[in-house]
Amino acid sequence: MPYMNPINEAHVSEPGLVVVDVAAADDATALAFQQLLADRWATATAEHTTRDAGEPGVRLRCYLDLRQPVGSDASAHVPPQVFTEVQR
């Protein structure tokens, strides 16, 4: 992926650690999605999005630790299945 740095092995070194790359139409959408994640799990958030010349929308990367739920009722929830599409 030309727009993102490679994933650091430390960020996925154990089960429950997740790297999330987000592509969205605008800053508000990308940051709102990131906030939804941060409200549920321990998250290292991005402070801003990036734009790539010639590419639509904005992108950001954040890091989640699904082993450490945050929020008052997060421990009562089972993480939802996440479906991803890999493009080659």
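Student: What makes the pair Arg 59 and Glu 55 a salt bridge?

Tutor: In this predicted model, the closest N and O atoms of Arg 59 and Glu 55 are 3.6 Å apart. The cut-off is a side-chain nitrogen of Lys or Arg within 4 Å of a carboxyl oxygen of Asp or Glu, so the pair counts as a salt bridge.

Student: Why is Arg 59 called buried?

Tutor: Its relative accessible area is 11%, and buried means under 20%, so Arg 59 qualifies. Glu 55, at 45%, is partly exposed, because that class lies between 20% and 50%.

Student: What else does the side chain of Arg 59 contact?

Tutor: The side chain of Asp 52, through a polar contact at 3.5 Å. Arg 59 itself sits in strand β3, residues 58-69.

Student: How do you know that Arg 61 and Asp 21 form a salt bridge?

Tutor: Their side chains meet at 2.6 Å, N to O, and the limit is 4 Å. The pair links distant parts of the chain, with Arg 61 in strand β3 and Asp 21 in strand β1, 40 residues apart. Arg 61 is buried at 13%, while Asp 21 is partly exposed at 31%.

Student: Which residues are linked with Arg 67 in a network of salt bridges?

Tutor: Glu 14 and Asp 65 join Arg 67 there. Between Arg 67 and Glu 14, the closest N and O atoms are 2.5 Å apart. These two also link distant parts of the chain: Arg 67 belongs to strand β3 and Glu 14 to the segment before β1, 53 residues apart.

Student: Why is Arg 67 called partly exposed?

Tutor: Its relative accessibility is 42%, which falls between the 20% and 50% limits.

Student: How do you know that the buried residues of α1 line one face of the helix?

Tutor: Those residues are Ala 30, Gln 34, Leu 37 and Ala 38. Seen down the axis of α1, they fall within an arc of 100°, so they line one face. On the other side, Ala 28 and Leu 36 are exposed.

Student: What makes Asp 26 a cap for α1?

Tutor: At the N-terminal end of the helix, a side-chain oxygen of Asp 26 lies 3.2 Å from the backbone nitrogen of Ala 28.

Student: Which residues make up the largest nonpolar core?

Tutor: There are eleven, among them Ala 30, Leu 37, Trp 41 and Cys 62. Two or more residues each come from β1, α1 and β3, and β3 gives the largest share, four residues. In soluble globular proteins, nonpolar side chains tend to be buried together.

Terms used. Residues are numbered from 1 along each chain as its sequence is written. This is a predicted model: local features need pLDDT of at least 70, side-chain atom pairs count only at pLDDT 80 or more; totals for chains, interfaces and linings use all residues. Side-chain values use heavy atoms; hydrogens and water are left out. Buried means under 20% relative accessible area, exposed over 50%, partly exposed in between (1.4 Å probe, protein chains only). A polar contact is a pair of N or O atoms within 3.5 Å; within protein, one must be able to donate a hydrogen and the other to accept it, and residues adjacent in sequence count only if both atoms are side-chain atoms. The arc is that of the directions from the helix axis to the C-beta atoms. A nonpolar core is a set of buried Ala, Val, Leu, Ile, Met, Phe, Trp, Tyr and Cys residues joined through side-chain atoms within 4.5 Å.
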